[in-house]
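Student: I have a structure to work through with you. Can we take it piece by piece?

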Amino acid sequence: MLVFHYTGMETCETALQRLCDPRAEVSAHLLIDEDGTAYRLVENGKRAWHAGASYWRGEADINSASIGIELVNPGHEFGYRVFPDAQIDTLIALSLALISQYDIPATGVVGHSDVAPGRKSDPGELFPWENLASCGIGLWPDLAVNDGEEHGTPWESLTRIGYASPGDPHCGGDLLNSETAISDVISAFQTRFTPQNRSGILDDQTQSAISAVARAFS
Ligand SMILES: [Zn+2]
């Protein structure tokens, strides 16, 4: 898998310091500054501590199954902003090389919020998923296409895409906050696939997007 993050810190220097501090107990394989400079922090073959408690498509040990890439961005806490082209160009080049080297399926390219709904909100609604998918990184289905067929309930579809299922300990449900699990998972889906609508509510637009995405991920 490939897991994308933002650093959520004010500068690249502070992020580098933290990611290289053993006491912080957080690490990632790669860090990409806003000017496109990439830093190799952990060898690809080694396990980094970037995902934490997380779940995706049956995998509950994401750190053992993934490469983590951090993008410098202040994040929602310090002034979330657009990821510059130079940064995304480097991300695209590195991701394509990793996908080819490790044969990473498109369904295994995720954001941190996908694998840890409610707990994490990075890389956030400004992350250019559609642009990446057009380069062969991850999936971006045509959400306008609806074949009108029923494909199970929205929750079955969300589980088929890969999200943890509230109340089901076999599908990552134990990672979710029991009070807010349902809206957390819906918000995680919306952040990625309908970023203009992050209500956390299963409205018609969201249901239709869920079934389109589930078809692409099946
Ligand atoms: Zn993260």
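Tutor: Start with a term: two strands pair if DSSP finds at least two bridges between them. Keep in mind that this is a predicted model.

Student: In what order do the strands of the open sheet run?

Tutor: The sheet is open and has 5 strands.

Student: Which strands are the edge strands?

Tutor: An edge strand here pairs on one side only. That holds for residues 38–40 and for residues 109–111. The edge strands are β3 and β5.

Student: By how many degrees are neighbouring strands of this sheet turned against each other on average?

Tutor: Direction is ignored in this value. It is an average over neighbouring strands of this sheet. The turn is 20 degrees.

Student: How many bridges join β1 to β4?

Tutor: Take both sides of β1. Towards β5 there are 3 bridges, and the two strands run parallel; there, Val3 stands opposite Val110. Towards β4, residues 67–71, the run is also parallel, with Ile69 as the bridge partner of Phe4. The number of bridges joining β1 to β4 is 5.

Student: Which residues of β1 point one way, and which the other way?

Tutor: β1 is mostly covered, with 5 of its 5 residues buried. Leu2, Phe4 and Tyr6 point one way. The other way point Val3 and His5.

Student: Which residues coordinate the zinc ion?

Tutor: The donors follow the spacing H-x106-H-x9-D along the chain. The donor atoms are ND1, ND1 and OD, at 2.0 to 2.1 Å. The residues are His5, His112 and Asp122.

Student: Why does the pair of His5 and Asp122 tie together separate parts of the chain, and how many residues apart are they?

Tutor: Both residues are buried. His5 lies in strand β1, while Asp122 lies in the loop between α4 and α5, so the pair ties together parts of the sequence separated by 117 residues.

Student: Is the peptide bond from Asp122 to Pro123 cis or trans?

Tutor: Pro123 is found in the loop between α4 and α5. For the bond from Asp122 to Pro123, omega is near 5 degrees. The bond is cis.

Student: How many aromatic pairs does the structure hold, and what is the geometry of Phe4 and Trp129?

Tutor: The structure holds 11 aromatic pairs. Phe4 and Trp129 are 5.8 Å apart, centre to centre.

Student: Where in the chain do Phe4 and Trp129 lie?

Tutor: Both residues are buried. The pair links distant parts of the chain, 125 residues apart. Phe4 is in strand β1, and Trp129 is in helix α5, residues 129–134.

Student: What kind of pair do Tyr163 and Phe189 form?

Tutor: Both are buried. Tyr163 lies in the loop between α6 and α7 and Phe189 in helix α7, so the pair ties together parts 26 residues apart in sequence. The ring centres are 6.3 Å apart and the planes stand at 65 degrees, so the pair is edge-to-face.

Student: Which residue has its charged end over the ring of Trp129?

Tutor: Trp129 belongs to one aromatic cluster with Phe4, Tyr6, Tyr80, Phe83 and Phe127. The charged end over its ring is 3.9 Å from the ring centre. The residue is Arg192.

Student: Is Glu25 buried or exposed?

Tutor: Glu25 sits in the loop between α1 and β2. Its phi is positive, about 55 degrees, although Glu25 is not a glycine. At 56% relative accessibility, Glu25 counts as exposed.

Student: What is the relative accessible area of Asp103?

Tutor: Asp103 is in the loop between α3 and β5. Asp103 has a positive phi of about 55 degrees and is not a glycine. Asp103 is exposed, and its relative accessible area is 67%.

Terms used: Residues numbered from 1 in each chain as written. Predicted model: local features only at pLDDT ≥ 70, side-chain atom pairs only at ≥ 80, totals over all residues. Heavy atoms only, no water. Phe/Tyr/Trp six-rings, centres within 6.5 Å; stacked < 30°, edge-to-face > 60°. Helix = DSSP H or I, 4+ residues; strand = E, 2+ residues; numbered from the N terminus. Buried < 20%, exposed > 50% of the residue type's maximum accessible area, 1.4 Å probe, protein only. Lys NZ or Arg CZ within 6 Å of the ring centre and 35° of its normal. Donors = N, O, S within 2.8 Å, 3.2 Å for Na, K, Ca; no water. Axes fitted to C-alpha atoms, helices over the stretch in contact; angles between N-to-C directions.
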